[in-house]
Amino acid sequence: MTDIARAAGCSQATVSFVLNNSPGIRLSQQTRDRVIEAARALGYSPPMFSALRPLVTPFEGLDGVIGFAVDQLATSPEAVVAIEGARQASWNAGNVLLVAQTMGDAVMEPRAIQALTRRGISALIYMTIFTREITAPDFLYGLDIPVILLNCYTADYAFPAVVPSEIAGGQSSTRHLIGHGHRRIATITGEPWMQAAQDRLKGYRRALATADIPFDPELVVEGDWSASAGYAATVKLLALKDRPTAIFCQNDRTAIGCYEALKEAGLHIPQDISVVGYDDEEIARHLFPPLTTSILPHMAMGQWAIEQLEAPPTPGRGRYPITKLECPLVERESVGVVAPA
């Protein structure tokens with residue numbers, strides 16, 4: 001919606017009102033036409049517009065109400081994006097989404113799920129903010145409705161599950177820098193106990209190995225996903241005798257701190273050093289220069305979860321594979337060809 005708003009010369013809210021055909025909003029037909037034309041020009045097809053397509057009949061196994069339980073909602077933009085993806089897919093099929101924040105509390109979480117089931121939900125999407133393997137609470141196994149895991153999975157594969165393909169994302173980010181001639185590539189990680197940080201680092205190492213670039217532990221600096229950690233880590237990297245020509249920041253907030261440290265050192269992006277982020281947060285496109293980064297597919301994951309519910313049920317309770325969705329790279333202006341030595 002941000003891209004469409006920029007192309008149409010209006011606010012993101014206006015784009016949302018037009019594409020969702022929101023009632024009670026007075027917009028001129030000229031504005032509506034301009035938004036739809038901008039969306040089409042950017043490659044979005046009419047089926048994405050709820051204003052242009054009728055609701056389809058829900059799959060007979062659903063009664064029109066789907067529950068969505070997430071451990072953290074108020075502090076996490078990722079949860080909101082996943083819920084929006086599920087909301088869009090639900091409404092397109094004529095279903096309503098009910099959302100509950102559980103905080104993963106051992107006492108309150110089952111009560112929250114029970115409150116949803118009393119509302120007559122016919123399916124449940126269970127989401128965690130941090131991508132990880134979970135020990136599913138016993139009450140999930142006892143539900144007599146379909147359960148989909150979003151951004152988490154269980155060791156017994158008892159439920160359909162979807163997570164981001166983080167290893168491939170880290171590999172793609174690093175490979176993009178290698179493709180621009182960089183061989184001295186640093187990375188600033190997230191907290192090492194988190195699976196996302198572990199997997200993005202694995203992808204980084206795989207890309208180096210595939211390109212026959214030796215791994216240098218000096219070029220890996222531990223961060224904590226924050227801008228301040230990105231700043232401190234970049235200062236450390238610039239102090240190396242043989243400093244990097246590119247830095248893969250494993251999230252966009254880290255990249256913000258990286259930008260500040262580079263500019264403070266009098267270096268220009270990407271002329272002197274290239275930077276890649278991860279997550280594609282809203283700030284990424286407003287940095288100077290705009291940040292090359294990867295999209296966390298939470299919108300697509302929410303849509304995927306609904307699509308699984310709309311499929312005919314599989315007899316029995318078998319083992320379900322973990323679905324991994326791509327983290328597409330968004331190329332902007334923070335990566336340049338490495339300067340010759």
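Student: Contact means heavy atoms within 4.5 Å. With that in mind, which residues does Trp304 touch, not counting residues up to four places away in sequence?

Tutor: Trp304 touches Ile148, Pro160, Ala161, Val162, Thr323 and Leu325. One thing before we go on: this is a predicted model, where local features need pLDDT of at least 70 and side-chain atom pairs count only at pLDDT 80 or more, while totals for chains, interfaces and linings use all residues. Residues are numbered from 1 along each chain as its sequence is written, and side-chain values use heavy atoms, with hydrogens and water left out.

Student: OK. Where does Trp304 lie?

Tutor: Trp304 is part of helix α11. Helices (H or I, at least four residues) and strands (E, at least two) are DSSP runs, numbered from the N terminus.

Student: And is Trp304 buried or exposed?

Tutor: Trp304 counts as buried, because its relative accessibility is 12%. Buried means under 20% relative accessible area, exposed over 50%, and partly exposed in between (1.4 Å probe, protein chains only).

Student: How far is Ile148 from Trp304, going by C-alpha atoms?

Tutor: Their C-alpha atoms are separated by 9.7 Å, although Trp304 and Ile148 are 156 residues apart along the chain.

Student: Back to α11. How many residues does α11 have, and how far does α11 reach?

Tutor: Helix α11 covers residues 298-310, which makes 13 residues, and spans 19 Å from first C-alpha to last. That is close to the 18 Å expected at 1.5 Å a residue; the expected span is 1.5 Å times one less than the number of residues.

Student: Which residues of α11 are buried?

Tutor: His298, Met301, Gly302, Trp304, Ala305, Ile306 and Leu309 are buried. An α-helix has 3.6 residues a turn, so residues three or four places apart point the same way.

Student: What do those buried residues of α11 pack against?

Tutor: Their partners are β1 (65-70), α4 (77-92), β3 (124-133), β4 (147-153), β5 (161-164) and β11 (322-325).

Student: What is the strand order in the sheet of six strands?

Tutor: The order is β2-β1-β3-β4-β5-β11, an open sheet with parallel pairing. Two strands pair if DSSP finds at least two bridges between them. The edge strands are β2 and β11, and each pairs on one side only. Neighbouring strands of the sheet are turned by 25° against each other on average, direction ignored. For such angles, axes are lines fitted to C-alpha atoms (for helices over the stretch in contact), and angles run from 0 to 180 degrees between N-to-C directions.

Student: Why is β1 described as largely enclosed?

Tutor: Six of the six residues of β1 are buried, so β1 is largely enclosed by the rest of the structure. Val65, Gly67 and Ala69 point one way from β1, and Ile66, Phe68 and Val70 point the other way.

Student: What joins β1 to β2?

Tutor: Six bridges do, and the two strands run parallel. Gly67 stands opposite Leu98 in β2. Elsewhere in the sheet, two bridges join β4 to β5, and Leu149 has Ala161 in β5 as its bridge partner.
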